[in-house]
Amino acid sequence: MPPTPSLSPERAAALRLCLASGVGPRLRTQLLERFETSVRILEASLSQLREVSGIGPKVARAIQDAATAPIEPLLQICDEQAVGILLADDAGYPPPLLDIHDPPGVLFQRGAWEPTDALAVAIVGTRHASQYGLQQAERLAGGLARAGFTVVSGLARGIDGAAHAAAMSAGGRTIAVLGSGVLEIYPPEHQKLAEQISQRGAVMSEAHPTAPAIGGMFPQRNRIITGLSLGTVVVEATANSGALISARHAMEQNREVFAVPGRVDSRTSRGCHQLLRDGAKLVESVDDILDELGHLTAPTTTTDGTAVHHPAELQLNEIERAILKVIESQPTAIDQIVVDSQMGVARVLSTLSVLEMRRLIRRVGGNQVMRL
């Protein structure tokens, strides 16, 4: 294996393995289970590689070829074009992706994933959107951005592009996951949009930075879109839309699935209506999304340093946040909340009703509440 001065041997081997033809995320996981490290995988014999389920002679040879493949040109391109390389064990790798069963072994990105992006919702839909669909995507993306959420989508024409643009117009962050390389923007008319996104979030792909758009990559990239997100909202989709693949990924990843209803006589409403029949949550407003997202697996810190346990906290006003802050996860007397918050009884009681409606607290007996 040729030396790569800018990378440790294991990092270089991991990168080579991720770029090996025929080695997808699941097969890479199986190989690591068998050989423990990427270096050992690339040093394995053909017969040893063939012992792994799913590896035939062609893939085994591709893995061995990857061991001597030069990666210096790739590193130079990434350095010159400010493309970051994230491997699955890097500190900057998005933690939500580690929770899915087939995380990408490598991510190339322009811009950066930030810890606040753990509060993310995907908005996806048809490339052939109606004016109604575009309006709904813009309305929901803008509302989510103003509530403090990052909007994730796929940079495609139609719904995706509208969601990205609306999130940025509302002053929020957005992430685009591509089916091409991050230096080969598709569709080409979204080149400027991609540049803007890289400044207000990140443009990501697991493909080589200069890889062209290939049809088979788009369904595969959808799992990253949903994996980055707490939930996925489908806005307009035909019965065979790629957005339904995203919805299926979200369900398999134990993420929430939402759908926006449309006209009953519209072809682009059929996919959404089928999702609603199958149990997706109906969305009329941003509140419908926040009400269903539930508790975060771990508290997330917002840009102002506030620890958020539940997405609905992002829509609270200053008084509601102040009162929620003094409520414990154990039963807390309402009289104590009045004292700690230094607010009047009437204000505290009315605010507690709001917090209870948002499912952030629950009443314990007549005069106590606790944080959920």
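Rings of Phe, Tyr and Trp (the latter by its six-membered ring) are taken as paired if their centres lie within 6.5 Å, with planes under 30 degrees apart counted as stacked, over 60 as edge-to-face and the rest as tilted. By this criterion the structure holds 1 aromatic pair. The structure is a predicted model, in which local features need pLDDT of at least 70 and side-chain atom pairs count only at pLDDT 80 or more, whereas totals for chains, interfaces and linings use all residues. Residues are numbered from 1 along each chain as its sequence is written, and side-chain values use heavy atoms, with hydrogens and water left out.

Two arginines were found with a charge over a ring (NZ of Lys or CZ of Arg within 6 Å of the ring centre and within 35 degrees of the ring normal). The charged end of R34 sits over the ring of F35, 4.5 Å from the ring centre. R127 lies over the face of F218, at 5.6 Å from the centre of that ring.

Helices (H or I, at least four residues) and strands (E, at least two) are DSSP runs, numbered from the N terminus. Strands count as paired if DSSP finds at least two bridges between them. Strand β4 (residues 150-153) runs parallel to β3 (residues 120-125), to which 3 bridges join it, and is also joined by 3 bridges to the parallel strand β5 (residues 174-177). V151 of β4 stands opposite V121 and also opposite T174 in β5. The side chains of T150 and V152 point one way from β4 and those of V151 and S153 the other way; all four are buried (under 20% relative accessible area, 1.4 Å probe, protein chains only).

N222 lies in helix α11 (residues 217-227) and counts as buried at 6% relative accessibility. The side chains of N222 and S246 are joined by a polar contact of 3.4 Å (N or O atoms within 3.5 Å; within protein, one able to donate a hydrogen and the other to accept it, residues adjacent in sequence counting only if both atoms are side-chain atoms). Beyond its neighbours within four places in sequence, N222 is in contact (heavy atoms within 4.5 Å) with G242, I245, S246 and H249.

An open sheet of 3 strands has the order β12-β14-β13, with antiparallel pairing. β12 (332-333) and β13 (361-363) stand at the edges with a single partner strand each, so one side of each lacks a neighbour in the sheet. β12 pairs with β14 (residues 368-371) over 2 bridges, and A333 has Q368 as its bridge partner in β14.

Definitions and conventions
Buried < 20%, exposed > 50% of the residue type's maximum accessible area, 1.4 Å probe, protein only.
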